[in-house]
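Please look over the structure shown here, and then read the short report that follows it.

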Amino acid sequence: MSTKQAENTVMKQYRCPDCGYIYAESAGAEHEGYRAGTLWKELPEDFPCPDCFITEKPDFVLLE
Amino acid sequence: MPGSDNSHSPAFKTSAWISSKRYWYWLSVLLPTIPLISAALAIRTGTGSWLWFTVFFMYAILPAADYIFGIDEANPDDELIEKLKDDRYYVHIMYVVTVMHWVSLVGMAYVVSHYEWSWFSILGAALSAGIINGVGLVVGHEMGHKVRDKSQVACAKIVMACSGYGHFSIEHNKGHHRHVATPEDPASSRLGESIYKFSKREMPGAFRRAWSLETERLQRLGKSEWSLDNEIIQPALLTISAYVLMLALFGPVMIPFLLIAAGFGWWQLTCANYVEHYGLLRLKRENGRYERCAPQHSWNSNHKVSNLLLLQLQRHSDHHAHPTSPYQVLRDYADVPGLPSGYPWMFFVAMFPWAWFSLMDPKVVAWAEADMNRVNLDPDLRDELFSRYHNPQTV
């Protein structure tokens, strides 16, 4: 397995509990200025859901 | 139970009505033709006062229709919501509406400039166009929320460019929805605050917030705020191009006409912001964050006629609880604060502060169970409002 693939497998996903938007670390939120590969821990605490904008980072749920 | 949905009508009748609303939403396409039809009557009869007709329609005919036809009790159930929510038909109506708004604005500009009218008739035409510009912002609002759908977002910019209010999507989605019903939100009105005082806080506050949010986004992307990627500049360029073109083609009368039409369109939006959350407050939790926006943090209006014309925007409690839900699935809630009429009449009342305060202040006090610590109130009037209303029944 290449390093890149190894990284992809550990990339996590977080779901907005309100609107269902999923933040995938591998995809980022490009329009909002968070490039693909931006890890969850790199996002600011007040990061709002890029879809409904009413929930914030602490509200998101980690998808196992 | 607060926030429980109101589905007590017989299921059969309900679903037939909800299905028929599919066709009634075409009223949004007809609405922008009202100034044009009245302009045709003005030309044919030589009576310039017809150019005022849309103003009369908004503040007299619509309130009467809301009164006569009453409220819309029907709520789609979960099964119907699943069926309706991704139906592109409802989006396509809004694309046609977008075109109609530009046809209406340019049509009125043509009428104003190509015939002889008194200044009073021109004022009526400009205010009529302004009301339609305001309705255009409602359509733009609906599409502007669908941030994952590029064509709806583009259409939102186009329709909001009619009145040069393209910053609204950013301000509204990222600013207002997040901070709604808190003292920090310039777009949530406070108990005791007249609409005139509110507008001085809301209009500049909303623009500043939009600009700073967009600047932050562009900085994260490594771009200047003065770039064509700025989503405030994009619709503004469309407005400037269209207005300059109309000025060149139709002459200097476009200066007062377009300015009044745009300004009165903004005013409609200010009225909407004013009535939607007046006095309502989300409480701060121990961790310093505000409680989540719930249906009881918006004034709801379930009047049938105005809801059909305004894409159910007045089902505002559900809209704030679920901002990405499309208009056709918005639901009414029982036990949420309710406006006594639809927006057209409420906007009219709001322009007379004494009438507004006497109608709405007791409702806010009742909502907060006379606990003024639970009310979003004008800090300049804090002591006065506390001495007049503060009388909580529980400790």
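## Salt bridges across the interface

Across the interface of chain A and chain B there are seven salt bridges, each being a side-chain nitrogen of Lys or Arg within 4 Å of a carboxyl oxygen of Asp or Glu. One of the residues that form a salt bridge is R292(B), which pairs with D18(A), and their closest N and O atoms are 3.0 Å apart.

## Basis of the model

This is a predicted model, in which local features need pLDDT of at least 70 and side-chain atom pairs count only at pLDDT 80 or more, while totals for chains, interfaces and linings use all residues. Residues are numbered from 1 along each chain as its sequence is written, chains are lettered from A in the order in which they are written, and side-chain values use heavy atoms, with hydrogens and water left out.

## The contact between the chains

The contact, meaning heavy atoms within 4.5 Å, takes 19 residues from chain A and 18 residues from chain B. Together the two chains bury about 1,700 Å², of which 44% is on carbon and sulfur atoms; buried area is the accessible area (1.4 Å probe) that two parts lose on being put together, summed over both. In chain A, the residues that lose the most area to chain B are D51(A), F53(A) and I54(A), which together make up 35% of what that side buries.

## A salt bridge within chain A

Over all chains the count comes to 27 salt bridges. K57(A) and E45(A) meet through their side chains in a salt bridge, at 3.6 Å from N to O.
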